[in-house]
Amino acid sequence: MQNPSAVLVSRFVAEVALAMVTAAIGAVVTLGALEFGTGWGDGGPQPGYFPFYIGLIVMLASGATLVEAILNREQHRATPFLRREQAMRILAFFGPMAGFVVLAAVLGLYVALIVYLTATMMVQGRYRLWRALAVSVGSAITFYLIFEVWFRVPLLKGPLEALLKIH
């Protein structure tokens, strides 16, 4: 028998939560479409016509998912959706990415990229520091050349780039 304490989220909870989130997204799309008009004008459909109906479809599908989850709640409560070991693997992947986002907002994209790639390569890939630094610095330089120089698309910069006068 499986250890029930190792189950963090049941299938029932996951389905109800997902139905609520997707219903909220559908409602936002539908309400947003109302600002642009959802009818049929002289030139065809108004700008909000298709988003309005797509939002309605998403809300209806979310409602159907919610009803199905409630009707089968006893079976779904007994079915695990997320176990502790699975959650730890997910956290090991998304935790560093969240740190990257925060670091990019504070230090700029290029410095955050170097820190993130270096740490990820060393911790998860077991690469040596010199190899991880070579790849991460090379990636940052490549991104700079592609976006900033060739395509002239400025990316988020932080205090180090300002200090080095990288525009």
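A crossing of two helices is left-handed if the near helix is turned anticlockwise from the far one by less than a right angle, and right-handed if clockwise. The exercises below apply this to a predicted model.

**Exercise 1. Describe how helix H1 crosses helix H2: what is the angle, and what is the hand?**

*Solution.* 
- Step 1. Two packed helices are described by the angle between their axes and the distance between the axes.
- Step 2. Locate the pair. H1 covers residues 11-34 and H2 covers residues 49-71.
- Step 3. Take both values. The axes come within 8 Å and cross at roughly 160°.
- Step 4. Classify the angle. Angles over 145 degrees count as roughly antiparallel, so H1 is roughly antiparallel to H2.
- Step 5. Assign the hand. H1 passes H2 in a left-handed crossing.
- Step 6. Sort the residues of this contact. They divide into 17 nonpolar, 6 polar and 2 charged.

**Exercise 2. Find the span of H2 and state which of its residues are buried.**

*Solution.* 
- Step 1. Count. H2 has 23 residues.
- Step 2. Compare spans. From first C-alpha to last, H2 reaches 33 Å, close to the 33 Å expected at 1.5 Å a residue.
- Step 3. List the buried positions: Phe52, Gly55, Ser62 and Ala69.
- Step 4. Name their partners. The buried residues of H2 pack against H1 and helix H3 (73-78).

**Exercise 3. Is Ala33 buried or exposed, and which residues does it contact beyond its sequence neighbours?**

*Solution.* 
- Step 1. Ala33 lies in helix H1.
- Step 2. Apply the cut-off. Buried means under 20% relative accessible area. Ala33 has 3% relative accessibility, so Ala33 counts as buried.
- Step 3. Set aside neighbours within four places in sequence. Ala33 is then in contact with Thr38, Gly48, Pro51 and Phe52.
- Step 4. Pick out Phe52. This contact of Ala33 is also one of the buried residues of H2.
- Step 5. Check a separation. Ala33 and Ala61 are 28 residues apart in sequence, and their C-alpha atoms are 18 Å apart in space.

**Exercise 4. Work out the arrangement of helices H4 and H5, and say which residues meet.**

*Solution.* 
- Step 1. Locate the pair. H4 is residues 84-107 and H5 is residues 109-123.
- Step 2. Take both values. The axes come within 7 Å and cross at roughly 150°.
- Step 3. Classify. H4 and H5 are therefore roughly antiparallel to each other.
- Step 4. Assign the hand. H4 passes H5 in a right-handed crossing.
- Step 5. List the contact. From H4 come Pro96, Met97, Phe100, Leu103, Ala104 and Leu107. They meet Leu109, Val111, Ala112, Leu113, Val115 and Tyr116 in H5.
- Step 6. Sort the residues of this contact: 12 nonpolar, no polar and no charged.

Terms used. Residues numbered from 1 in each chain as written. Predicted model: local features only at pLDDT ≥ 70, side-chain atom pairs only at ≥ 80, totals over all residues. Heavy atoms only, no water. Axes fitted to C-alpha atoms, helices over the stretch in contact; angles between N-to-C directions. Helix = DSSP H or I, 4+ residues; strand = E, 2+ residues; numbered from the N terminus. Parallel < 35°, antiparallel > 145°, perpendicular 65-115°, else oblique. Nonpolar A, V, L, I, M, F, W, Y, C, P; charged D, E, K, R; others polar. Expected span 1.5 Å × (residues − 1). Buried < 20%, exposed > 50% of the residue type's maximum accessible area, 1.4 Å probe, protein only. Contact = heavy atoms within 4.5 Å.
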